[in-house]
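Here is a short briefing on one protein chain. Look over the sequence and the model first, then read the points below.

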Amino acid sequence: MTDTLNPNDLSDLPLDDEILDDPLGIGYDEIAALTAERDDFRDRFMRALADAENARKRAEKDRREAENYGGSRLARDLLPVYDALSRAIDAAGAERAVAPQLIEGVELTLRELQNVFSRHGITVISPALGDRFDPQQHEAMFEAPVPGTAAGDIIQVMSNGFMLHDRLLRAAQVGVSSTPGGAA
């Protein structure tokens, strides 16, 4: 005789009060443990998801900064070249008649360097005499009382400054007027 299931045989089924007490045949402690484990996994998953999103945003920010500011060391190394070319043109003054092609070549080289600077977001900070001293863009090399000026006015420009996008590469070096000796 084979063991066949009799659909009318209910002897193996638990009683109603047993079903209410433990419907799946698992202890309530085990259900509570499984629920806590599920909640823990959900919390870990949400934290991992947030960490991944933060890492993606951080990588994007780092990529943008590298794109905008990655060449700052090279740019700083080129600033003395700009200064030397500018001084050469300023020094030429009356000598332009002696070697006009040479002076023109230096001017063209300086212009090309300025074009390269502008393509890469480098701007020149060139303060004028009488401008107000701005510690965000200027470096005071000396302070002297000069009649006819207000304290904090620029009285001499030693070198231009440079910005790379919104960051200062080099501050403009200036002389600043102090309060004149007669006024106080």
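The model is predicted. The points below set that pair in its sheet, and then the sheet in the chain.

**The strand pair**
- Strand β2 pairs with β6, which covers residues 172–178.
- The two strands run in the parallel sense, and 7 bridges link them.
- Strands in a sheet are held in pairs by backbone hydrogen bonds, in a parallel or an antiparallel arrangement.

**The sheet**
- The sheet is open and has 3 strands, ordered β2-β6-β3.
- Its pairing is mixed.
- β2 (138–145) and β3 (154–159) are the edge strands, and each has a pairing on one side only.
- From one strand to the next, the twist averages 25°.

**Fold layout**
- The chain holds 4 helices and 6 strands.
- Read from the N terminus, the order is α-α-α-α-β-β-β-β-β-β.
- Take the contacts between residues at least 6 apart in sequence: 62% of them join residues at least 24 apart.

**Surface and burial**
- How much of the chain is buried? Of its 184 residues, 21% are buried.
- The accessible surface of the chain is about 13,600 Å².
- Carbon and sulfur atoms account for 55% of that surface.

Technical notes
Residues are numbered from 1 along each chain as its sequence is written. This is a predicted model: local features need pLDDT of at least 70, side-chain atom pairs count only at pLDDT 80 or more; totals for chains, interfaces and linings use all residues. Side-chain values use heavy atoms; hydrogens and water are left out. Buried means under 20% relative accessible area, exposed over 50%, partly exposed in between (1.4 Å probe, protein chains only). Contact means heavy atoms within 4.5 Å. Accessible areas come from the Shrake-Rupley method with a 1.4 Å probe; for residues, only the protein chains shown count as cover. Two strands pair if DSSP finds at least two bridges between them. Axes are lines fitted to C-alpha atoms, for helices over the stretch in contact, and angles run from 0 to 180 degrees between N-to-C directions.
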